[in-house]
Amino acid sequence: MPHPVPPARRPSSGPPPGGHGPTPRGGPPRKPAAELPPVHAALICVAAPCLAISPEHGQLTGRGLDGIYRSGRRLLSRCLLRVAGRDPVAVQGRSLGADRAGFTAIVRSGADPGPDPDITVDRVRHADGTERITLRSHASRRLRLPVEISLGTDLAELGAVAAGRAGPELPAAVHAAGLRWSRGAAQAVTTAEPAPDDALAALGLLRWELELAPGESRTIELRTAQDRAPRIPAGQLTGTLSAARAEGDDPRVEAYFRTSLDDLRALLLRDPQEPADAFVAAGVPWRCGLAPAESLWAARMALPLGTGLAAATLRTLARTQTGGRGADTGKIPGPRRGGGPQLPPGCTGTEATLAFPAVLAEARRWGMPEVEVAALLPAAERCLDWLRRTADGDLLADPADGPRRCETQAHAHRAALLGADLLEECGRPGARELRDWAAAQRERFREAFWTDDLSGGRPAAAVHPDGRPLPYLSGAAAHLLDTGLLGGGRHAPGLLDRVRTEQLARLLGAPAMDCGWGLRGLGAKEPGHNPFGHRSGAVRVHETAVAVTGLAAAGFEKEAGSLLRGLMDAAEFFGHRLPEMYGAAQRTAGSAPLPHPAACRPAAVAAAAGIHVLVALAGIRPDAPAGTVALAPVAGAPLGAVRLAGLRVAGEPFAVRVSRLGLGMVEEAADALQLGV
């Protein structure tokens with residue numbers, strides 16, 4: 001497992017927990033690195049590239065991962081507050097949004113008799129390094145309070161902090177209304193408003209004497225930045241995602257949609273090569289940079305919010321595409337990712353290369369301007385050329401000479417069919433060859449991957465190079481249902497026929513795969529199952545969302561509804577901010593989903609999954625080039641009536657309502673759009 005890296009390094013995703021670090025092409029995978037410290041109990045705020053990691057009590061202790069970070073460097077590791085010579089007693093810590101957290105504590109000053117506290121301390125900490133500390137007196141007489149804030153930092157990189165190699169705190173120097181630290185070219189400054197009465201550099205201490213009348217409050221604002229210049233707010237990039245909203249009979253719909261959108265915006269980063277382009281970082285705290293596959297999947301699931309994010313992400317990745325005349329020409333580079341206990345690490349670059357033409361094709365359906373499509377089309381063609389050369393009449397291996405993974409075949413088949421549709425409509429050659437390859441791929445897949453048994457059979461998780469199937473049922477099989485969107489609001493054919501699709505739906509909806517909180521990464525009865533294993537059993541939110549939408553599109557509303565309700569229940573437990581994965585222990589009466597201690601939260605694909613599953617309830621199938629949009633709401637309305645507004649189709653606002661009977665109605669759309677069938 002690699003150390004976390006700052007977002008400026010591209011691609012810098014690193015694998016999720018349980019994975020392996022990037023490896024040189026053709027070289028052996030690295031050994032897993034040291035165990036990452038747990039973060040499931042931390043309150044993490046992000047406004048990329050800024051990050052704040054706080055314990056629930058709110059005091060930054062200088063231990064563990066506590067701190068304010070920017071671009072992967074810890075600017076402040078210690079921020080300890082004392083009031084009237086006492087440590088405030090923490091009573092609550094809570095998230096106030098993706099980019100901020102609040103902490104409440106109480107202090108007993110001793111001014112009044114009895115055990116009751118008479119001072120409330122409210123702290124609001126922002127990811128950008130701003131913190132407001134408000135003290136309010138409830139005493140019966142005027143108080144004179146000494147307030148001390150102890151500050152310190154090591155200016156360490158996040159990777160070094162996670163590995164326990166942060167180093168000692170640095171000496172501080174007094175700087176105007178605060179303190180400054182430096183090491184080499186790195187420096188950090190914390191300033192206070194109002195200015196402290198005393199600043200003691202040797203102790204890293206700021207002191208105030210505050211007077212508070214009964215009921216009066218006073219606020220101290222701290223600002224931590226990388227230099228002495230006033231900080232330009234890191235804020236969230238604007239204009240990339242629409243201000244969409246959702247509401248429904250189930251009140252969780254509004255909260256889940258809003259929080260998912262909030263998280264996506266907080267993870268937006270500018271491409272350092274082209275600052276006008278933005279993409280979503282993979283997740284915090286471990287993967288604060290570009291992750292080619294995950295950034296593309298997040299952009300794809302966010303297409304109902306506009307095509308801007310997809311266009312910018314595709315442009316960013318096109319600039320990384322391998323050139324020249326080698327075997328990897330046309331491939332999007334990406335790090336290795338752990339494959340679980342049964343398979344070697346796979347290459348996220350393969351996944352990204354196959355996703356590129358599919359995302360471009362679907363973005364065009366949602367309304368990406370043709371001029372943007374034309375500019376990206378050559379890169380998509382190079383991805384498709386790589387696919388044809390690499391597969392060359394066979395199943396696609398990942399890595400080369402490695403196993404043929406089930407999900408890789410699904411990604412390749414989707415890329416070929418959506419790529420053919422794209423090339424044909426844009427007047428480019430190669431569509432027929434891609435469709436012929438996809439047809440042959442369907443036959444090869446059914447022969448090599450489908451294993452028959454008395455229960456009706458199942459798709460193998462992978463096929464070894466010697467042709468032996470790995471007959472385990474994994475959550476990755478859900479990708480077989482994600483066939484992609486063609487013209488006229490039609491879904492592309494999949495690798496499975498109708499009979500096998502129905503069998504897969506039964507398997508995914510059975511208790512061995514549906515744990516009650518989402519889809520298991522590996523069936524509970526399979527050898528090597530681990531409810532906390534990233535690729536061996538844990539619920540991965542992205543795969544659950546793919547299963548929900550794929551099952552619904554294929555007409556298996558019962559199984560889709562069960563997984564969706566489980567995901568909604570889990571989201572409520574996590575404050576509607578789902579981590580990338582969580583434990584897949586079987587749900588029982590009174591139980592709760594179990595956090596994974598090393599999971600990113602928020603994470604790009606988990607946040608985008610919330611948008612994806614809720615929009616899927618309306619079954620929006622646009623074809624902007626043809627000027628049509630079709631609706632195919634999920635039958636039975638598993639969450640009751642739902643209304644979605646502020647979406648974007650063909651570049652214009654789009655709103656839709658689904659009734660309790662599962663009937664859809666367009667409330668707002670571009671004038672040129674016609675409702676299709």
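**Rings and cores**

Arg-587 lies over the face of Trp-517, 3.9 Å from the ring centre. A charge sits over a ring if NZ of Lys or CZ of Arg is within 6 Å of the ring centre and within 35 degrees of the ring normal. This is a predicted model, in which local features need pLDDT of at least 70, side-chain atom pairs count only at pLDDT 80 or more, and totals for chains, interfaces and linings use all residues. Residues are numbered from 1 along each chain as its sequence is written, and side-chain values use heavy atoms, leaving out hydrogens and water.

Visitor: How many aromatic pairs does a search of the whole structure find?
Guide: Rings of Phe, Tyr and Trp (its six-membered ring) pair if their centres lie within 6.5 Å; planes under 30 degrees apart count as stacked, over 60 as edge-to-face and the rest as tilted. By that rule, the search of the whole structure gives a total of 3.

Visitor: What kind of aromatic pair do Phe-573 and Phe-574 form?
Guide: Their centres are 5.2 Å apart. The planes make an angle of 85°, so the pair is edge-to-face.

Visitor: Is Phe-574 buried or exposed?
Guide: Buried means under 20% relative accessible area, exposed over 50%, and partly exposed in between (1.4 Å probe, protein chains only). Because the relative accessible area of Phe-574 is 7%, this residue is buried.

Visitor: Which residues have the most contacts inside the largest nonpolar core?
Guide: A nonpolar core is a set of buried Ala, Val, Leu, Ile, Met, Phe, Trp, Tyr and Cys residues joined through side-chain atoms within 4.5 Å. The largest has 160 residues, and those with the most contacts inside it are Phe-257, Phe-356, Leu-387 and Ile-620.
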